Amino acid sequence: MNVASPTIEVPRSLWSDAGYALRRNRAAMTAAIVLGLLALLVVFGPLLSPYAYDKPDWEHIAMPPTLADGHLFGTDALGRDLLSRTLQGGRMSLLVGLVSTIVSLVIGIAWGATAGYVGGRTDRIMMRIVDILYALPFMFLVILLMVLFGRQIVLIFVAIGAINWLDMARIVRGQTLGLKQREFVEAARVSGVGTARIILRHIVPNLLGVVVIYVTLTIPQVILVESFLSFLGLGVQEPMTSWGALVSEGAQEMENAPWMLLLPSLFLALTLFCFNFLGDGLRDALDPRDRSRT
């Protein structure tokens, strides 16, 4: 008689559990799908558009949305196709969000992990520097850097990212203080592994869950900062554009041409909502207390 062998359940990894929990979150998955479609649209949309984002159409200045002349969402005050400019502006806004977030991550993770692992006087000095920078007005520092070093695209990325790393440094330091007491870190230290190697090989990889959540929450924050700078005239310069610059132009023409404000505002609001929903979903998926209840 054949006896069925007992099945052994293989434990799932952290990322497998997180992926399973994230897939069950309909709001987060919907947000991820919408963000993916938006990314494809802003990347490939300008290439497929029959109108260049910076080419005026003098015969159709400030024209409302119409199907007759191909300007589906109208034109701006210089006759440029609003849909093409919105898609091109999305490229710039998402690029600013991604690059500036990467800059803040590199600085914040390096600073926080070093302070938390080394500890002692080094930790106190490094975190006092963070406290001093916290006391300074964030937007004022960004504007000051923009005024001093110019308003080139690369400097916008660096200026926003170089100021936005303080939260990440504090979060990483707090996580590192707990991780450096774990057995695998103690074993590496006893084995003679150097400080830099322990931070890179053992501390930082175990911070990825926090980093992923922080990225989804920081990108919309950076996009809003860039939008505010563009609204003040300190962001991207003509003929380049961004969602913030388009919203600023649309606000000036809101009474006469409300369509100039509507389309970029919808794209900006939709992107921010999706990032927030995705961030909430990742936070719940990577929370061990929530996984223990599933």
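A polar contact is a pair of N or O atoms within 3.5 Å; within protein, one must be able to donate a hydrogen and the other to accept it, and residues adjacent in sequence count only if both atoms are side-chain atoms.

The views show a predicted model, where local features need pLDDT of at least 70, side-chain atom pairs count only at pLDDT 80 or more, and totals for chains, interfaces and linings use all residues. Residues are numbered from 1 along each chain as its sequence is written, and side-chain values use heavy atoms, with hydrogens and water left out.

**View 1. Asp 76 and its polar contacts.** The side chain of Asp 76 reaches two backbone nitrogens: that of Arg 80 at 2.8 Å and that of Leu 78 at 3.0 Å.

**View 2. Who touches Asp 76.** Leaving out residues up to four places away in sequence, Asp 76 touches Ile 61, Ala 62, Arg 85 and Met 260. Contact here means heavy atoms within 4.5 Å.

**View 3. Trp 243 in the largest nonpolar core.** This core (buried Ala, Val, Leu, Ile, Met, Phe, Trp, Tyr and Cys residues joined through side-chain atoms within 4.5 Å) has 28 residues, and Trp 243 is one of the four that touch the most other members, along with Ile 223, Phe 267 and Leu 268. Again skipping residues up to four places away in sequence, Trp 243 touches a whole list of residues, including Val 42, Thr 86, Pro 264 and Thr 271.

Definitions and conventions. Buried < 20%, exposed > 50% of the residue type's maximum accessible area, 1.4 Å probe, protein only.
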